[in-house]
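Hi there,

Here is the structure I promised to pass on. My notes on it follow below.

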Amino acid sequence: MSINVEQLIGRLRDDPNDARAFSALKNFYLEIGDSQSLASLLSRWAEHSADRGEAANALREAGDAVLEGLDDADQALDLYQRALERYPFCDEAAEQIQLLLENRCEHQKLAGFLVNRIRVLRSVDADPHYLALLHFRLGEVLNKHLGRPEKALGDYRQAAELDPSLLIAIFEAREIVLGSGDLQEACSLYEQEADAEEDSERKAGLLVELARVKAEHLDDLDGAIEALRGASAAVPGDILVMHELATHLLKRAESEDEQAAATDQRQIGRASCRERG
């Protein structure tokens with residue numbers, strides 16, 4: 001077997017693109033569990049490959065080999081990064097980098113990696129759904145690990161804009177806005193999330209929350225009633241929603257009666273003044 005291995009190595013030295021020799025040597029290293037030799041073989045193959053995607057995949061495999069076989073996260077990170085440099089669409093390498101940095105609690109480095117990854121992928125018109133996920137992950141790192149909610153808000157918004165179905169991004173943005181006390185903006189996010197929500201019960205729940213914010217904190221009874229009518233349309237016959245709507249309609253009627261009474265009193269007062277005059 002050793003003679004055969006030497007022959008294979010010699011063939012690759014003479015012709016780095018000898019696919020049969022490469023495949024045979026790769027399988028041999030896999031069989032005996034020689035992760036370092038496997039990683040070296042894959043790295044050399046990547047250096048000589050004219051196919052950027054193939055080269056990136058080989059470097060990603062090399063990273064997997066040293067990570068799983070040698071538990072060498074530093075070498076794996078370097079290999080995954082080289083894979084992305086060869087081919088920015090090697091998502092498997094990118095995912096591994098994110099996972100390693102997350103597991104090592106290197107959140108500042110993770111944020112920097114995500115910022116750079118978003119920049120690179122935006123420059124080549126990458127899949128908007130994938131970009132949305134990256135913006136959301138960056139928002140999570142900024143908000144929950146680096147204590148920068150105001151910065152995270154922008155990434156959550158970008159995520160929701162790129163992929164309106166990513167409701168968790170709208171939710172996280174709303175939580176930050178509520179915490180800042182900007183209730184008008186929070187209402188806009190409630191509406192945005194309710195519009196995108198396909199589950200009728202969750203949609204109704206969001207609209208009920210919106211109605212409470214409008215009625216209790218913004219003195220917007222008409223807006224609250226409009227939201228509750230939307231909730232009632234989402235879940236027809238729901239007793240709790242119907243009760244909330246009836247309660248708010250009654251409050252508005254009482255308010256209108258009070259306003260009408262006040263108007264009558266003012267008119268009576270003015271008429272009395274004219275008579276005395």
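Let me begin with a charged pair: Arg104 and Glu106 meet through their side chains in a salt bridge, 3.0 Å from N to O (a side-chain nitrogen of Lys or Arg within 4 Å of a carboxyl oxygen of Asp or Glu). Arg104 is partly exposed at 32% relative accessible area, while Glu106 counts as buried at 18% (buried is under 20%, exposed over 50%, partly exposed in between, with a 1.4 Å probe and protein chains only). Shared partners link Asp74, Arg104, Glu106 and Lys109 into one network of salt bridges.

Please keep in mind that this is a predicted model, where local features need pLDDT of at least 70 and side-chain atom pairs count only at pLDDT 80 or more, while totals for chains, interfaces and linings use all residues. Residues are numbered from 1 along each chain as its sequence is written, and side-chain values use heavy atoms, leaving out hydrogens and water.

The whole structure has 17 salt bridges. Another one pairs Arg117 with Asp91 (3.0 Å, N to O). Arg117 sits in helix α7 (residues 107-123) and Asp91 in helix α6 (residues 91-103), so this pair ties together parts 26 residues apart in sequence (helices are DSSP runs of H or I, at least four residues, numbered from the N terminus). Arg117 is buried, with a relative accessible area of 4%, and Asp91 is partly exposed at 30%.

Arg11 and Asp18 also form a salt bridge, their closest N and O atoms being 3.1 Å apart. Here Arg11 is partly exposed at 37%, whereas Asp18 is buried at 16%.

Best wishes

Note on methods:
Helix = DSSP H or I, 4+ residues; strand = E, 2+ residues; numbered from the N terminus.
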